[in-house]
Amino acid sequence: MKQLHKQSSVNHRRDEEIPSNQTPPYSPKSLKQPRSLPRSINYLFKEQRLLFILVGILIGSTFFILQPTLSRLGPTEVRSSIPRSFSTDTNTTTTTATISHTQDASGSYSADSNKPFHGKVGRVPVGIGRRRMRIVVTGGAGFVGSHLVDKLIGRGDEVIVIDNFFTGRKENVVHLFGNPRFELIRHDVVEPILLEVDQIYHLACPASPVHYKYNPVKTIKTNVMGTLNMLGLAKRVGARFLLTSTSEVYGDPLQHPQKETYWGNVNPIGERSCYDEGKRTAETLTMDYHRGAGIWYGWLLSYLGFLCCHFFSRIFKYKVT
Ligand SMILES: O=C(O)[C@H]1O[C@H](OP(=O)(O)OP(=O)(O)OC[C@H]2O[C@@H](n3ccc(=O)[nH]c3=O)[C@H](O)[C@@H]2O)[C@H](O)[C@@H](O)[C@@H]1O
């Protein structure tokens, strides 16, 4: 303690030794006289100053002309090298969309490389575009879901994907990692989740017979409890809701093609019922929430047609009330 005290007193003395008049006394600058015009022009022409100014202007303009192009190539808008095709007609109440893909024997997908990507990412000036929406897509890492997510991100919305990766793959959405408008949550829809969103696209469900028959009880649980949870969320936060149903809800139909007024020819106890009846119940729940809670809803029926073992196309019929 004593030593410290000594040290501080020494420092104090040193401070005292510093001469107080080190900084020169303040002397106000004499006021500058405004330059005359010929002198300014002379100044510009000396030492090639005008040339340097012109070169500077040229570099600046080149940067601002090229900047929009460069930003489109930036990391946030980097698109998958896989071209995708998805078109919707939002001006009418009926929307059709087609997706063409090839599927390899292992069940992994790659898009038809001849198809151009129509979902152009354009720059919308601030204040002109519509309000950005926050959308949750369940099953967004799956085949249909990942294309839907691309479309939504492409039009400028924020997307939260919820998926338990039962059949979905991170590879389907990996090109969106790092995009500030994209989030991925590993979550099973049979458990409730609370998110603040404007719209819910509910796609989570094993879709192929191999997968939905693997654990039939889980399949129907996903359809019933998962849909209930998502409808509950929609009611709570006032979100619009879209359910992906299936043409399988008609069972073994006696009508071809099936109209939405047709109720089907179904088997509630067969091996496929976990999927068919699960989707039927999901439709029932959606309509009941719509009637009871006034949720705006839509549904998407998918018709799967195998053209050959490695190629298939799907046509979706989307009806919004
Ligand atoms: O053809 C149809 O009718 C089906 O089309 C799509 O299914 P799809 O994209 O073809 O199938 P997957 O690629 O297997 O995608 C389903 C997604 O749901 C996810 N999932 C599945 C099951 C589950 O319990 N939770 C869950 O998040 C899977 O991991 C996967 O990402 C829809 O997602 C299904 O709801 C619809 O029944």
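Reader: Is Phe165 buried or exposed?
Author: Phe165 counts as exposed because it has 12 C-beta neighbours inside 10 Å.

Reader: Where does Phe165 lie?
Author: Phe165 is in the loop between β4 and β5 (182–186). Strands here are DSSP runs of E with at least two residues, helices are runs of H or I with at least four, and both are numbered from the N terminus. Phe165 also has a positive phi of about 60°, although it is not a glycine.

Reader: What should I know before reading on?
Author: This is a predicted model, where local features need pLDDT of at least 70, side-chain atom pairs count only at pLDDT 80 or more, and totals for chains, interfaces and linings use all residues. Residues are numbered from 1 along each chain as its sequence is written.

Reader: What is the mean pLDDT of the protein?
Author: The mean is 73, and 61% of the residues reach 70 or more. pLDDT is the predictor's confidence in each residue, from 0 to 100. The model scores ipTM 0.98 and pTM 0.62.

Reader: Which residues stay under 50 in pLDDT, with 37 contacts beyond four places in sequence?
Author: That is residues 304–321. A contact means that two C-beta atoms, placed from the backbone, lie within 7 Å. Where pLDDT is low, the predicted coordinates should not be read in detail.

Reader: New topic. Which residues touch the most other members of the largest nonpolar core?
Author: Val137, Val149, Val159, Val161, Ile200 and Phe241, out of 34 residues in that core. Such a core is a set of buried Ala, Val, Leu, Ile, Met, Phe, Trp, Tyr and Cys residues joined through C-beta atoms within 7 Å.

Reader: Which elements give two or more residues to this core?
Author: They are β3 (134–138), α4 (143–154), β4 (158–163), β6 (199–202), α6 (216–237), β7 (240–244) and α7 (273–293). The largest share, six residues, comes from α4.

Reader: What is Val161 in contact with?
Author: Leaving aside neighbours within four places in sequence, Val161 is in contact with Val137, Gly140, Ala141, Val149, Val173, Leu184 and Ile185.

Reader: Back to α4. Why does His147 count as buried?
Author: His147, which has its place in helix α4, counts as buried because it has 22 C-beta neighbours inside 10 Å. Its C-alpha atom is 8.9 Å from that of Val173, 26 residues apart along the chain.

Reader: And the ligand, how many residues surround it?
Author: There are 25, and the closest are Gly139, Gly142, Thr167, Gly168 and Leu203. A residue belongs there if its C-beta atom, placed from the backbone, lies within 6 Å of the molecule. Helix α4 gives the most to this shell, three residues.

Reader: How does β7 pair with β6?
Author: β6 and β7 pair in the parallel sense over four bridges, where pairing takes at least two DSSP bridges. One of the partners is Arg240 in β7, bridged to Gln199. Four of the five residues of β7 are buried.

Reader: What joins His256 and Pro257?
Author: A cis peptide bond, with omega about -15°. Pro257 lies in the loop between β7 and α7. Most residues other than glycine have a negative phi, and most peptide bonds are trans.

Methods. Buried ≥ 20, exposed ≤ 12 C-beta atoms within 10 Å, placed from the backbone.
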